[in-house]
Amino acid sequence: MLETYKSLLGVPGAFRISFSGFIARMPAGMDSLAIIFIVLGAQQKYAIAGALTGVAALTTVVSAPFWANQSDKRGQRFVLRIAVPARTIAMFSFIALVTFEAPIWSWFVAIMCAEATSVSVGSFTRRRWISMLGEEKSSEVNTAYSFESALDEIVFITGPVLATAISTISPSAGLILATAFFLIGGSLPLTHQESTPPVLQREEHPPLIWNRAVHSVAIPMLLIGGCFGPINLAIVAFSREHGHPAIPGLLLGMGSV
C-alpha cells in the first residue's frame, strides 16, 4: 500500500497539491473546538459558544455548494482568489472582536462572513487529481481518492488534539493556527497551473436540491452532522467540570479513530 501511494505522489505536482489540500482541510477538524475555546476564554458562556458554532455550520451548508458551483462555471482559481483572502480577513476580524470583547452581535456577523466564503477543499483537491492523472486512468484516480480519504481521517483525528493543545497557550491560538493553515493551503494551488481543472461547459439543469434521490442522502447526513457541534461542546464542558480542560481534543480525536 505504501509503495502504491509513494508512486502516486511521484506524479509531477501531486505532492504539492495533496499537501496543500491537507493543511487547508485542517480547519475542518479544528474550527469548532477553536471557536468554543476562544468564546469561553472571553465570556465563559457555553450557550454563546454553541450558538456561534451552529451558525457557522449552517452558513457553510449554504456557502460550500455555492462556491462548488462557481468553481465549475468559472474555475477554481476564480473561487480561491476570492475565498481565501475573504475568509482569512473575516476570521481574523472574528478573533479580534471576541478578544477585545466587542458586542456579541458583531461576533455572529463576523463568523457568518467567514463561513460564507468556506469552500470544500477536499472536493477541489480530488478534482485536481483528475486533472493531473487524466480521467481515463480510473484505477490511479481511485487510489488518489483513497489516499485523500485517509488524509481526511488524519485531519479529524489530529485537528481536535492540535486545537486543544495550542489553545492552552492562548484561547485564540487554535483559531489563529487553523486560519493560517487555510491561508497557506488555499493559496498554494494558485501557484500550480498544471493541475487547475478546466471550466466545465455544461447545460443548465434543475437544482439538485429538488431531487428525491439527493434528499435520501442529504437529510440523514444533515442530521448526523448536526450532532458534531453539541458533542464538541458537551465534551469540553464535561472535561472542564472534572478539572481536565486540556483533554477534549484527545477524547474527540480518539472518537474519530
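Colleague: What volume does the second largest pocket have?
Modeller: In this predicted model, the second largest pocket has a volume of about 270 Å³. It is lined by 17 residues, of which S71, D72, S123, F124 and R127 are the closest to its centre.

Colleague: And which elements give two or more residues to that lining?
Modeller: Those elements are α3, which spans 46-74, and α6, which spans 121-133.

Colleague: How does the lining of that pocket divide by residue class?
Modeller: The lining of the second largest pocket has nine nonpolar residues, together with five polar and three charged ones.

Colleague: Switching to cavities, how many of 30 Å³ or more turn up in the whole structure?
Modeller: The search finds one cavity of 30 Å³ or more, and the largest cavity holds about 80 Å³ of space.

Colleague: Which element gives the largest share of its lining?
Modeller: That is α6, with four residues, while α2 (14-42), α4 (76-99), α6 and α8 (173-187) each supply at least two. Among the residues lining the largest cavity are S20, Q76, F124, R128 and G185, and by class the lining divides into five nonpolar, six polar and one charged.

Colleague: Okay, on to packing: at what angle do α2 and α8 cross?
Modeller: The axes of α2 and α8 cross at roughly 160° and come within 7 Å, and that angle makes α2 roughly antiparallel to α8. The crossing of these two helices is left-handed.

Colleague: Which residues meet there?
Modeller: On the α2 side they include I23, M26, P27, M30 and I38, and these belong to a contact whose α8 side includes L175, L177, F181, F182 and I184. By class, the contact of α2 with α8 has 14 nonpolar, four polar and one charged residues.

Colleague: What about α6 and α7, is that crossing left-handed or right-handed?
Modeller: The crossing of α6 and α7 is right-handed. The axes of α6 and helix α7, residues 138-167, come within 10 Å and cross at roughly 150°, and the two helices are therefore roughly antiparallel to each other.

Colleague: Which residues make that contact?
Modeller: From α6 the contact takes T125, R126, W129, I130 and L133, and from α7 it takes E140, V141, A144, Y145, E148, S149 and D152. The classes in the contact of α6 with α7 are six nonpolar, two polar and four charged residues.

Methods. Residues are numbered from 1 along each chain as its sequence is written. This is a predicted model: local features need pLDDT of at least 70, side-chain atom pairs count only at pLDDT 80 or more; totals for chains, interfaces and linings use all residues. Side-chain values use heavy atoms; hydrogens and water are left out. On a 1 Å grid over the protein atoms alone, a cavity is a set of points where a 1.4 Å probe fits but cannot get out, and a pocket is an open set with protein on both sides within 12 Å along at least five of seven lines; lining residues have an atom within 4 Å of a point. Grid points are joined across faces, edges and corners, and a volume is the space filled by probe spheres set on the points. Ala, Val, Leu, Ile, Met, Phe, Trp, Tyr, Cys and Pro count as nonpolar, Asp, Glu, Lys and Arg as charged, and the others, Gly among them, as polar. Axes are lines fitted to C-alpha atoms, for helices over the stretch in contact, and angles run from 0 to 180 degrees between N-to-C directions. Angles under 35 degrees count as roughly parallel, over 145 as roughly antiparallel, 65 to 115 as roughly perpendicular and the rest as oblique. A crossing is left-handed if the near helix is turned anticlockwise from the far one by less than a right angle, and right-handed if clockwise. Contact means heavy atoms within 4.5 Å.
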